[in-house]
Amino acid sequence: MSWVQDDAFIQSLYIVAFALFIYGLMGLTGPHSSVRGNKIAALGMAVAVGATLLTPGLGNWWLILLGVAIGTAVGVPAARKVRMTAMPQMVALFNGVGGGAIALIAWVEFRDTDGFSHQPAYVAVASLFAAIVGSVSFWGSNIAFGKLQEIMPGRPISVGRLQQPLNLLMLLVAVALAVIVVAGGQSEWLMVGLLLTASVLGVLMVLPIGGADMPVVISLLNAATGLSAAAMGLALDNTALIVAGMIVGASGSILTNLMAKAMNRSIPAIVAGGFGGNGSGGGGVVEAGDRAVRRTSAADAAIQLAFARQVVVVPGYGLAVAQAQHAVRQLTGLLEQKGVSVAYAIHPVAGRMPGHMNVLLAEADVPYEHLQEMDAINDEFARTDVTLVIGANDVTNPAARTDPSSPIYGMPILNVDESRSVIVLKRSMRPGFAGVDNELYFDPRTSLLFGDAKSSVHDITEELKAL
C-alpha cells in the first residue's frame, strides 16, 4: 500500500476538506464574497472526493468515472443555463437528487452486507434512517419542483382529514420495517418496502403544502438531505460525508426555523399544509370586482418618484419573473443622481426560495448596504414618501395585521401601508401564493401600474429622464 493510501493521509485530506467547507460557508454571508466562498467549498468537495477515491479496495473505477462523467454532463449545463426565475426549481431538484443518492447507497449497503448481518447495530440504524429520510427528501423535492415549475397545481392537494393520519401511518410502517431489519430480517423486500413507503410519505407530505410555504419547504427538505447524508457517513465511516451532511443539516434547520418565524408559523403547521397555493399559475385572474383601485401611468409615477426625498423599493417574485432587476437598478441609480434616498426592503420569504431577492439584486450590482431586512426597514416606511412595490403580494398585505379571518393573519409583513404613497407594479389583480386579495391595493394612497414589470420600470425611467 502506497503512502497516498495510508489511512492517516486520507484522514488528513478529509480534515482539509471540511475546513474548506466551513471557510467557504463563511464567504456566503455577503454577495461580494459569495463567489469566492462557493469556489472554496467546491475545492473542499474536490479534496473530499479525491480522498475517498484513494480508499483501498474502493471498487470498479470505470463505473465511478462513468458516474462522474454523466453527473458533469448533466449538472454543468443545467446550472449554467437555468434562468434566475427557475433557480428555486433547480435547488429543489438538485437537493432531491442528493436525498435519492443517499437512499440508494443505503440500499446498496443492505445488499452488500446481507441485510446488515454481522454489522454493528449503529450501522444498520444509521443506514435505515438515511434510507427513510433520503427517500422522503427525494420524492418531496420532486413534488416541490413540480409545483414550482407549474407542472402540477401549486394549490394544496390533500385527502382532507385523513391526510395527517395517512402520513403517520406511512411513517409508522417505514419505521416498523426498519425495526424488523435491525432485528435480523434479511429479506430484500423489507428494504424495498421501506423505500417505497418512505417515498409515498415524501409525496404525501409536500402535496398538501401550498405555494406560500414553498420557500420553507425547500429549506426543510435541504436540511433533511443533509441529515441523511451525515447518517450515511456514520454508517460508512466517512468523515467528509459526516461533516458535510451535518453542516447542511444544521444550516438548513436554522434557516428553516428563521423563515418559519418570519411567517409567524410553526414548522409542524407548515408540514400540515393547506396554506396558500393559487400562485402565479394555479388559478384564474381575480378582478377587483366592485372595489375601486387607483390606476396610474408611468409619467405620474415618475413625477412622484422624482419629487420624493426617500423611496423604498419592495421586490417580489414579479420582479424575478420579469427579470427586471437591471431595469430597477437603472431607475434607482437615476433617482440617486437626483438626490433621492433609495433603499430596498427585503422580506425573508419574498420570492420562491431563501435569499431569492438578495441574489437577484446582487446580480444587478445593487450595493449590499442598500438591502434592508424587514426588521431594519419597517420603522422607515412612516418616513417614506414613495414605496415602489414590484410583484410582492402577501408580504405587503395589511390583512396580516388587521384581519383575524385571513389565512396570513399574524405573519410579519413589510409596513408598506404606512408610506405616504405606494406605487404597485403588477400584471393583473391576481392574488399571491396565499390566494387572498391584497388589501394594500385598495388603500386610497396606493396606485397601480399594470403591465410587465420590466417594461413598466423602463417606461418610468424614460419619463424620469425627460423631467
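**Helix packing and local features of the predicted model**

Asp-237 is exposed, with a relative accessible area of 61%; exposed means over 50%, buried under 20% and partly exposed in between, for a 1.4 Å probe and protein chains only. The model is predicted, so local features need pLDDT of at least 70 and side-chain atom pairs count only at pLDDT 80 or more, whereas totals for chains, interfaces and linings use all residues. Residues are numbered from 1 along each chain as its sequence is written, and side-chain values use heavy atoms, with hydrogens and water left out.

Asp-237 sits in the loop between helix H8 (214-236) and H9. Helices (H or I, at least four residues) and strands (E, at least two) are DSSP runs, numbered from the N terminus. The phi angle of Asp-237 is near 60°, a positive value in a residue other than glycine. Helix H9 spans residues 239-262 and includes Ala-250. Ala-250 is partly exposed, at a relative accessible area of 37%. Its C-alpha atom is separated by 10.0 Å from that of Asn-222, which is 28 residues away along the chain.

Helix pairs were examined next. Two packed helices are described by the angle between their axes and the distance between the axes. Axes are lines fitted to C-alpha atoms, for helices over the stretch in contact, and angles run from 0 to 180 degrees between N-to-C directions.

Helix H4 (residues 87-112) packs on helix H5 (residues 121-148) at an angle of about 155°, and the axes are 7 Å apart. H4 and H5 are therefore roughly antiparallel. Angles over 145 degrees count as roughly antiparallel, under 35 as roughly parallel, 65 to 115 as roughly perpendicular and the rest as oblique. The crossing of H4 past H5 is left-handed; that is, the near helix is turned anticlockwise from the far one by less than a right angle, and clockwise would be right-handed. Contact means heavy atoms within 4.5 Å. On the H4 side, the contact residues include Gly-96, Gly-99, Gly-100 and Ala-103. On the H5 side, they include Ser-127, Gly-134, Phe-138 and Leu-148. The residues of this H4 and H5 contact divide into 13 nonpolar, eleven polar and no charged. Here Ala, Val, Leu, Ile, Met, Phe, Trp, Tyr, Cys and Pro count as nonpolar, Asp, Glu, Lys and Arg as charged, and the others, Gly among them, as polar.

Ser-127 lies in helix H5. It is buried, with a relative accessible area of 1%. Leaving out residues up to four places away in sequence, Ser-127 touches Ala-106, Phe-116, Met-232 and Ala-235.

Phe-116 belongs to the loop between H4 and H5. Its phi is near 65°, a positive value in a residue other than glycine. Pro-120 is found in the loop between H4 and H5. Pro-120 is partly exposed at 38% relative accessibility. Pro-120 and Val-182 are 62 residues apart in sequence, yet their C-alpha atoms are 9.9 Å apart in space.

The structure holds two aromatic pairs. Rings of Phe, Tyr and Trp (its six-membered ring) pair if their centres lie within 6.5 Å; planes under 30 degrees apart count as stacked, over 60 as edge-to-face and the rest as tilted. The ring centres of Phe-110 and Phe-116 are 5.7 Å apart and the planes stand at 75°, so this pair is edge-to-face. Phe-110 is buried, at 2% relative accessible area. Phe-116 is buried at 6%. Phe-138 and Trp-139 form an edge-to-face pair, with 5.1 Å centre to centre and 85° between the planes. Phe-138 is partly exposed at 25%, and Trp-139 is partly exposed at 36%.

Helix H17 (residues 453-466) packs with helix H13 (residues 325-337) at about 25°, with axes 9 Å apart. H13 and H17 are therefore roughly parallel. H13 passes H17 in a left-handed crossing. Residues of H13 in the contact include Leu-331, Leu-334 and Leu-335, and those of H17 include Val-457, Ile-460 and Leu-464. The contact residues divide into eight nonpolar, two polar and two charged.

The axes of helix H11 (residues 298-306) and H17 come within 8 Å and cross at roughly 60°. That makes H11 oblique to H17. The crossing is right-handed. H11 contributes Ala-298, Ala-299, Ala-301, Ala-302, Leu-305 and Ala-306, and H17 contributes Asp-459, Ile-460, Glu-463 and Leu-464. The residues of this contact divide into eight nonpolar, no polar and two charged.
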